[in-house]
Amino acid sequence: MDIDELRARVTAELPRIRQDLEDLVRIESVSADPARAAEVQRSAEAVATLFSAEGFEDVQVVSARDDGRAPAVIARKPAPDGKPTVLLYAHHDVQPENDHAEWDSPPFEPTERDGRLYGRGAADDKAGIVAHLGAVRALGEDLGVGVTMFIEGEEEVGSDTLADLLAEHRETLAADVIVIADSGNWDIGVPALTTSLRGLVRVDVGVRTLTHAVHSGMWGGLVPDALMTLTRLLTTLYDEDGSVAVAGLHTGTAADVDYPADRLRAESGIAPGVGFIGHGSVVERLWAQPSLTITGLDAPKVDGASNTLTASARAKLSLRIAPGDTTENALDCLRAHLEQHVPFGAELSFELVDTGEATQIDATGPAYDAARKAFTDAWDGVQPIDMGVGGSIPFIAEFLESFPRASVLVTGVEDPDTRAHGANEGLHLAEFERVCLAEAFLLSNLAD
Ligand SMILES: [Zn+2]
């Protein structure tokens with residue numbers, strides 16, 4: 001349909017989209033908090049009500065669990081003859097809001113300041129839900145494709161039952177194109193399609209050097225303590241420049257994108273005077289190379305530490321793996337490295353915590369052509385970049401696996417200052433309008 005007409009319709013829908021978003025943000029759908037399970041349920045029902053009001057058929061709140069937890073919403077508008085079906089994904093659960101004192105306005109009371117709408121889930125990912133809804137509303141009778149909404153209720157706690165849901169509702173969810181609106185754009189004014197994501201391997205590694213703790217004055221200098229042994233072992237995991245020294249891990253390639261130095265320092269939160277680690281372009285380091293973080297350490301506390309040789313110590317390692325690598329390979333490489341490098345013959349323990357596969361999406365074909373055109377039109381001629389994401393969104397791999405013939409597009413409402421998962425999460429309202437426009441244009445292009 002005519003692009004200016006559609007643009008005008010999206011603009012006209014924005015106040016109602018905004019109202020729906022605010023209503024959803026007021027529901028405390030924190031999936032990680034068992035005490036708020038009823039809120040997650042209420043949130044699913046609110047989403048279902050929005051879809052019913054929009055004329056969707058077979059609107060259902062579904063759960064793969066016996067106890068009804070992690071409710072997802074499925075709703076359909078069947079495709080006209082010969083037209084494709086598009087699955088629109090978002091999630092209605094949110095991260096815990098944590099310390100209210102760190103928020104400048106109450107986390108569950110949507111509040112506008114300086115062009116942003118603040119609130120938990122105002123961006124991640126309730127804005128994704130209403131962007132889908134807004135596009136469908138704007139197209140109205142001119143929606144020339146089938147649309148299936150799939151709004152998950154446990155993304156923020158790891159999508160444990162997503163594979164079950166996709167299997168149970170395979171027929172209903174089958175689609176030619178899948179739009180996953182849970183990522184973001186490169187910058188304000190610069191759209192992006194997310195085409196790769198790093199994977200994750202988390203392990204707990206421990207060392208034991210003594211059968212029991214002993215006096216450091218009596219035995220220090222002869223018997224290795226566990227903390228020294230563990231820190232020496234952890235040091236071997238890094239090269240001189242801070243990059244990962246584990247042999248056999250894969251390194252991929254990234255788009256040729258410049259990350260301005262001032263933006264990098266501001267967004268990363270790096271302290272003044274601290275240098276960055278690794279080598280290669282910034283986005284190669286963030287998107288296409290492995291990285292390793294020591295995220296926890298069990299050792300005696302500093303306050304009250306006694307003059308004792310520590311018998312055992314433990315660390316949690318979070319290894320991000322490059323697109324193109326597998327968690328199986330990364331796990332083997334990491335384990336082999338630790339076994340080869342553990343000093344003094346210390347007893348090593350190695351326990352897998354969890355994994356999430358990396359993703360490399362084939363960003364070619366008619367759906368990608370339609371999306372690139374839609375984004376370029378929505379952003380007034382600025383073409384979308386192929387963006388990587390350093391973190392994992394394991395459920396994307398589930399979709400690729402469950403629907404291997406569908407084109408998967410990963411879009412989203414976030415910008416570099418969204419602060420999803422943090423205090424003062426906020427949606428950039430002008431960019432949000434473009435997200436809604438882009439999605440309406442995309443559905444329209446796919447209908448053609
Ligand atoms: Zn999300």
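How far apart are the mean positions of the positive and negative charges of the protein chain? The mean positions of its 35 positive and 75 negative charges are 2 Å apart, where Lys and Arg count as positive and Asp and Glu as negative, His and the chain ends not being counted, and where the place of a charge is NZ of Lys, CZ of Arg, CG of Asp or CD of Glu.

This is a predicted model, in which local features need pLDDT of at least 70 and side-chain atom pairs count only at pLDDT 80 or more, whereas totals for chains, interfaces and linings use all residues. Residues are numbered from 1 along each chain as its sequence is written, and side-chain values use heavy atoms, with hydrogens and water left out.

View 1. The protein chain holds 13 helices and 18 strands, which are DSSP runs numbered from the N terminus (helices: H or I, at least four residues; strands: E, at least two). Its C-alpha trace spans about 85 × 45 × 45 Å along the principal axes, and 50% of the 448 residues count as buried, buried meaning under 20% relative accessible area, exposed over 50%, and partly exposed in between (1.4 Å probe, protein chains only). Among contacts (heavy atoms within 4.5 Å) between residues at least 6 apart in sequence, 80% join residues at least 24 apart.

**View 2. Helix α13, residues 429–447.** The 19 residues of α13 should span 27 Å at 1.5 Å a residue, and the end C-alpha atoms are 27 Å apart, which agrees; the expected span is 1.5 Å times one less than the number of residues. Of these 19 residues, 15 are buried, so that α13 is mostly covered.

View 3. R137 is found in α3, residues 126–139, and is buried, with a relative accessible area of 9%. Leaving aside neighbours within four places in sequence, R137 is in contact with E13, R16, I17, D20, L50 and E54. In the loop between β5 (116–118) and α3 lies D125, which is joined to D124 by a cis peptide bond with omega about 5°.

**View 4. Two loop residues with positive phi.** Most residues other than glycine have a negative phi, and most peptide bonds are trans. F344, in the loop between α10 (327–341) and β14 (347–356), has a positive phi of about 60° although it is not a glycine. D380, in the loop between α11 (366–378) and β16 (385–389), also has a positive phi, near 50°, and is exposed, with a relative accessible area of 55%.

**View 5. L237 and its contacts.** L237 is placed in the loop between α7 (226–235) and α8 (261–268) and is buried, with a relative accessible area of 0%. Not counting residues up to four places away in sequence, L237 touches S243, V244, A245, V246, L292, L317, L334, H337 and L338. The C-alpha atoms of L237 and S31, which are 206 residues apart along the chain, are separated by 35 Å.

**View 6. S291 in strand β11.** S291 belongs to β11, residues 291–298, and counts as partly exposed at 21% relative accessibility. Apart from neighbours within four places in sequence, S291 is in contact with R198, V244, S318, L319 and R320.
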